[in-house]
There are 2 protein chains.
Amino acid sequence: LRALEGVPEVRAGDALAELVAAAAPDDLHAGDVLVVAHKVVSKAEGRTRRLDEIVPGERARGLAASDAARGKDPRLVQAILDDSAAILRTGHGVLVCETHQGFVCANAGVDQSNTADPGELLLLPTDPDRSARELREGIGARRGVSPAVVVADSFGRAWRLGQVDVALGAAGLQPLDDWRGRRDARGRELSATVIAVADAVAAAADLARAKDSGAPVVLIRGLERFVSAEDGPGAAELRRPAGEDLFR
Amino acid sequence: LRALEGVPEVRAGDALAELVAAAAPDDLHAGDVLVVAHKVVSKAEGRTRRLDEIVPGERARGLAASDAARGKDPRLVQAILDDSAAILRTGHGVLVCETHQGFVCANAGVDQSNTADPGELLLLPTDPDRSARELREGIGARRGVSPAVVVADSFGRAWRLGQVDVALGAAGLQPLDDWRGRRDARGRELSATVIAVADAVAAAADLARAKDSGAPVVLIRGLERFVSAEDGPGAAELRRPAGEDLFR
């Protein structure tokens, strides 16, 4: 794993594929995986809102005034509500939301700290699997090889402290590795039945860069067994359907 | 990251530190991290039970007969109850438990598939941080260097399909990297405030071995910034206190 150097600050409308293609090493392989922080994807796609253009509604004002949201700006709360299909819990300064894309995460992924301007909010990509596919295609067009692409963000978890990166979007990487019914080297049925490969890849990539390095892209080698020419089902496959979820 | 070759099948009473020390490379460094699958730790510590020595009580028989547990062996359910401080949810063939160690996971981590004998159950280590410290000390005594040690297991997640490895125990590795109040390269306050380093390390390690390889130990280099001579607080620091948890 290594962070790519030389990806410049990304702005709305930038051709992100071009910036990543230029920063990728000369020996880029089709079996490589490029893990891209969602913040540069969202910026390039213009997925930002200005706080001063948001008028908070009654529900947002109520939540902002509650202990649960601990004095969040009502306009920020409105942005979170706008990106949420449902609010699962509120408390400890966090709204745990199900987003329109189907993610369950804090504050619907709306982020006030990752933009150059404190009055600007960064939202999740509208369709991160499509973002990953487009990035992959754009890199392939420029470099002649199409490594797998993962779009990652840091999510908190139930029951455990701290955040780990997960895959919001993926193209060309098998998201789940299903071992059900398969056996190990000694013929025993395997217990860890379905491995969330794309999430493990996202978590691993985060170790390859310091948070303050500003390096938004990490290259991972050695995962050829999970990389395919086809884009595949994407990280959508990692979303647990609400009907199979004991915590919704 | 690479899986260590040559770790033999582990049995109760084996000196696991000796087996790992022998399999570690000649150039083992103090800044290395060794991620050890909990199954070999539990085996070496004798954390197993025989199904035919378990008499299921009324609650276990009731759960086993319910749709929620989908025909689990009542003796297995009893073993799960014995290792649980609380049952958070039941459904889809799974009991989501809070274990006596404070982990929230499926079936209290009791595992029927990872032992040589189908009549044997594998339990979580009683104190995985202690296990990690003892392993680290034992490796240090044999090799003269004390890399960090993480004891890992695959856990399912709320909201997302598939399992990822998490750190049950750790010694010498900083479990959480706290960026609150720190700023990135461009002076902006960082959003991903507390990174669960030890969990990311566990997830990354799982990518370095095929599930059927039987390789229980993965060596990770390049994380010196998170490794210390002191054992530190251990993975206990990753357990979210129930009072701060919106999903208990």
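Predicted model: local features only at pLDDT ≥ 70, side-chain atom pairs only at ≥ 80, totals over all residues.
Chain B contains an open sheet of five strands with mixed pairing, arranged in the order E1-E12-E2-E8-E9. Its edges are formed by strand E1 (2-3) and strand E9 (164-171) of chain B, each of which pairs on one side only. In general, the strands of a sheet pair through backbone hydrogen bonds, in either a parallel or an antiparallel manner.

Strand E8 (residues 148-155) of chain B runs antiparallel to E9(B), and seven bridges join the two. Within this pairing, B:Val151 has B:Gly169 of E9(B) as its bridge partner.

## The contact between chain B and chain A

Chain B and chain A each contribute 70 residues to their contact. The size of an interface is often expressed as the accessible area lost when the parts come together. Between chain B and chain A, the buried area is about 6,100 Å², and carbon and sulfur atoms give 57% of it. B:Trp159, B:Arg160 and B:Leu207 supply 15% of the area that chain B buries against chain A, more than any other three residues.

Four salt bridges are counted between chain B and chain A. One salt bridge between the chains joins the side chains of B:Asp199 and A:Arg157, at 2.7 Å from N to O.

On the side of chain B that touches chain A, the elements giving two or more residues are strand E4 (84-91), E8, E9, strand E11 (194-195) and H6 of chain B. H6(B) gives the most to this side, with seven residues. By residue class, the side of chain B that touches chain A divides into 34 nonpolar, 13 polar and 23 charged residues.

## Salt bridges in the whole structure

Over all chains, the whole structure holds 32 salt bridges. In chain A, A:Asp27 forms a salt bridge with A:Arg221, and their closest N and O atoms are 3.2 Å apart.

A:Asp27 is located in the loop between helix H1 (16-23) and strand E2 (33-37) of chain A, whereas A:Arg221 belongs to the segment after strand E12 (217-220) of chain A; the pair therefore ties together parts that are 194 residues apart in sequence.

Terms used:
Residues numbered from 1 in each chain as written. Chains lettered and ligands numbered in written order. Heavy atoms only, no water. Pairing = 2+ DSSP bridges. Helix = DSSP H or I, 4+ residues; strand = E, 2+ residues; numbered from the N terminus. Contact = heavy atoms within 4.5 Å. Buried area = accessible area lost by both parts, 1.4 Å probe. Nonpolar A, V, L, I, M, F, W, Y, C, P; charged D, E, K, R; others polar.
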